[in-house]
Amino acid sequence: PDTVKTATIQVINLHCANDMPTIKKRLLNQDGIDEVSFTPLRYESSSFTIQYHTSVTTAQQIEKLIETTPGCDDPNEHPYRVAKSRKAKQ
C-alpha cells in the first residue's frame with residue numbers, strides 16, 4: 001500500500017546559497033517525491049522537508065540521493081552529508 005510520508009532531513013557541509021536549490025532539484029526529479037522545502041543556510045547546514053510516497057522510495061534512498069548529489073562548485077565532488085541524530089547517553 002502507498003502512504004505519503006514527510007521526512008525532515010538535516011543536511012550539512014553546505015557552502016553557498018546555491019547548494020539547497022541544487023539538492024531540491026535533484027530530489028524533485030526522483031520518482032515518488034512530491035514536495036521539497038528547505039530552511040535558509042545557517043552554519044553550513046539546512047533542514048529539508050520532503051514529502052514522498054512509500055511505495056516508490058524510502059527515507060534511506062532519499063538520504064543516499066542527497067549524499068550523491070554533485071556539488072555546485074565541482075560536479076565531480078559529492079560534499080553534502082546527512083546529519084545523523086545522536087542517541088542520548090543514559
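Threonine 39 is situated in the loop between strand 2 and strand 3, where strands (E, at least two residues) and helices (H or I, at least four) are DSSP runs numbered from the N terminus. With a relative accessible area of 34%, threonine 39 is partly exposed; buried denotes under 20% relative accessible area, exposed over 50%, and partly exposed the range in between (1.4 Å probe, protein chains only). The structure is a predicted model, in which local features need pLDDT of at least 70 and side-chain atom pairs count only at pLDDT 80 or more, while totals for chains, interfaces and linings use all residues. Residues are numbered from 1 along each chain as its sequence is written, and side-chain values use heavy atoms, with hydrogens and water left out.

When neighbours within four places in sequence are set aside, threonine 39 is in contact (heavy atoms within 4.5 Å) with Met20, Ser46 and Ser47. Its C-alpha atom is separated by 12 Å from that of isoleucine 12, a residue 27 places away along the chain.

Tyrosine 43 adopts a positive phi of about 55° although it is not a glycine. Its relative accessibility of 72% places tyrosine 43 in the exposed class. Glutamate 44 lies in the loop between strand 2 and strand 3 as well. A positive phi, of about 60°, is found for glutamate 44, again a residue that is not a glycine. Glutamate 44 counts as partly exposed, at 39% relative accessibility.

Lysine 25 belongs to helix 1, which comprises residues 19–28. This lysine 25 is exposed, its relative accessible area being 59%. Between the C-alpha atoms of lysine 25 and valine 36, which are 11 residues apart along the chain, the separation is 8.7 Å.

With a disulfide defined as a pair of cysteine sulfur atoms within 2.5 Å, the count comes to zero. Cysteine 16 takes part in no disulfide, the nearest cysteine sulfur being that of cysteine 72, 3.4 Å away. For cysteine 72, the closest cysteine sulfur is likewise 3.4 Å away, in cysteine 16, and is therefore too far for a bond. Cysteine 16 is partly exposed at 23% relative accessibility, and cysteine 72 is partly exposed at 31%.

At the level of the whole chain, two helices and four strands are present, and their order from the N terminus is β-α-β-β-α-β. The radius of gyration is 13 Å, close to the 12 Å that the globule rule gives for 90 residues, so the chain is as compact as a globular protein of that length; the radius is taken over C-alpha atoms, and the rule is 2.2 Å times the number of residues to the power 0.38. Along its principal axes, the C-alpha trace spans about 40 × 40 × 20 Å. Buried residues account for 30% of the 90 residues. Of the contacts between residues at least 6 apart in sequence, 59% join residues at least 24 apart.

The chain carries 11 positive and 11 negative side chains, and the centres of the two sets lie 9 Å apart. Lys and Arg count as positive and Asp and Glu as negative, whereas His and the chain ends are not counted. Each charge is placed at NZ of Lys, CZ of Arg, CG of Asp or CD of Glu.
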